[in-house]
Amino acid sequence: MKLKKLIERLDYTILTGDADIEVNALLMDSRKVTDGDVFVCITGAIRDAHDFLDDVCLKGAAAVIVEKNVDLTKAGELGVCVIRVASTRYALACMAAAYYGYPAEKLKTIGITGTKGKTTTTYMVRSVLEGVGIKCGLIGTIETIIGDGTTIPSENTTPESLLVQEYFARMVESGCQAVVMEVSSQGLMMDRVAGFTFDFGVFTNLSADHIGPNEHKDFDDYVSCKAKLFNNCRHGIFNVDDEHVNDMLSKASCDIETFGVKNMCKANESLITKVLSKLEADDVKLFTKPGVLGVSYNVSGKIDMPVEICVPGDFSVYNSLAAMAICLHFTNDKAAIEGALANIRVKGRVEIVPVKEDYTLMIDYAHNAMSLESLLKSLEKYEHNRIITLFGCGGNRDRNRRFEMGEISSRMSDLTVVTSDNPRDEEPMAIIEDIITGVKKADGEYVTIPDRKEAIKYAIEIGQKGDIIVLAGKGHEDYQIIKGTKYHMDERELIAEIKEELRL
């Protein structure tokens, strides 16, 4: 491929060499550079790739993309083309799109952003689209699903742009017609989804999260990064009941559609005067079946139909409304939509695991105070005997999280089972003692069982009719990190082993 083809959609300045040359791979990892490659210098939190300019030139790079002033002596001596751009992250995204033949232009692209609900909503969208015969890829926190049966475990909610475009290309090759992906604030801030325009962008909700070193300097920065999606999509679909929806709408340049629960709208009417369509839920009811908690409602607006979802919580209403709003651009098949939503299951997101019909046991990724409180508030609304919450906290992380989660669990649960969760380099009991400090700020009962399998076994053994047992923190994760080593540990497997041991 010609270098000038890779940079055809960029504004740039050639500092040395000629762009009319053949190049091989496009890379952002200096260790992988070989003859004829293009290397993009990314400024990271720990390392600045501009420092490796001479190294990659000596390795045979044909071209290097920079955003800073650099010493061009070695590049000039070796005849390396050095090109300067305003942002190398943005340039990488545009070049990656060109390198893979602009695959996003051959797919319907759906981006979902928000603090909560991204993962579940992506799976709901994919389930409905696949149900009506539209082959759909997925990129998210848990995994990437290519569409040919290939699944790839995820390291980031939104991968680097080079990987995003590679996945898009593989999806096109496998016959996908659409892709739905989680779009994180970090992904937007770092231009991981630049280089193409989303067909649809979805706003689920917003609350304070990811504020701190190497993330967002404050909440305003977090909001601004989330809002970028709605300047880079054709159609925006907004949860009008969220308290921060006006921040998103005021910054949006796309067409606007809305969803929400009747009489709950917080959106400023002046910002949604040109709404193309809306979905509204009414008559929301929680229901319980043996071993299952769910929610049902009637939806009106662009489509009128009853909806039943076997995923607990009010947030399931919003996640499913967002999924419907997307899917109605692809199909009007009510039966397919209804069936897909009724059967949705998402690994590690209020994932109900059958143990006994007497009580409900679920696995959830709630691993901070905000998400745990939201989950327990939702579960409180169901008829129940006791709520038993089992969790631990990760080592080498903010200690305040331990105190906060302990207090919330103690205040909102009848029993807290404190155990271990990714202690990393810390001693598990030191973490547990911090959690108990928080637990004692409220009046809930608690027990301490450091071994996670034994803790789960205890919760299963003491479960009574009508109990709701929550295994919080691990969610989709299938490992424990102890003293720098990652050990396999999947709670689903542990539950299966325990059932066999107890002959349940």
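Tutor: In this predicted model, a residue counts as buried under 20% relative accessible area, as exposed over 50%, and as partly exposed in between.

Student: Is Lys-74 buried, partly exposed or exposed?

Tutor: Lys-74 has a relative accessible area of 27%.

Student: With which residue does Lys-74 form a salt bridge?

Tutor: The closest N and O atoms of this pair are 3.6 Å apart, which falls within the 4 Å that a salt bridge requires. The partner, which counts as exposed at 54% relative accessibility, is Glu-77.

Student: How far apart are the closest N and O atoms of Arg-170 and Glu-166?

Tutor: Arg-170 and Glu-166 are four residues apart in helix 6 (residues 161-173), and therefore about one helical turn separates them. Arg-170 counts as partly exposed at 28% relative accessibility, and Glu-166 counts as partly exposed at 26%. Their salt bridge has its closest N and O atoms at a distance of 3.9 Å.

Student: Which residue forms a salt bridge with Arg-9?

Tutor: Arg-9, partly exposed at 45% relative accessible area, has its closest N and O contact in this pair at 3.0 Å. The pair links distant parts of the chain, 96 residues apart, with Arg-9 in the loop between helix 1 (3-6) and strand 1 (13-16) and the partner in the loop between helix 4 (88-99) and strand 6 (108-113). That partner, exposed at 55%, is Glu-105.

Methods
Residues are numbered from 1 along each chain as its sequence is written. This is a predicted model: local features need pLDDT of at least 70, side-chain atom pairs count only at pLDDT 80 or more; totals for chains, interfaces and linings use all residues. Side-chain values use heavy atoms; hydrogens and water are left out. A salt bridge is a side-chain nitrogen of Lys or Arg within 4 Å of a carboxyl oxygen of Asp or Glu. Helices (H or I, at least four residues) and strands (E, at least two) are DSSP runs, numbered from the N terminus. Buried means under 20% relative accessible area, exposed over 50%, partly exposed in between (1.4 Å probe, protein chains only).
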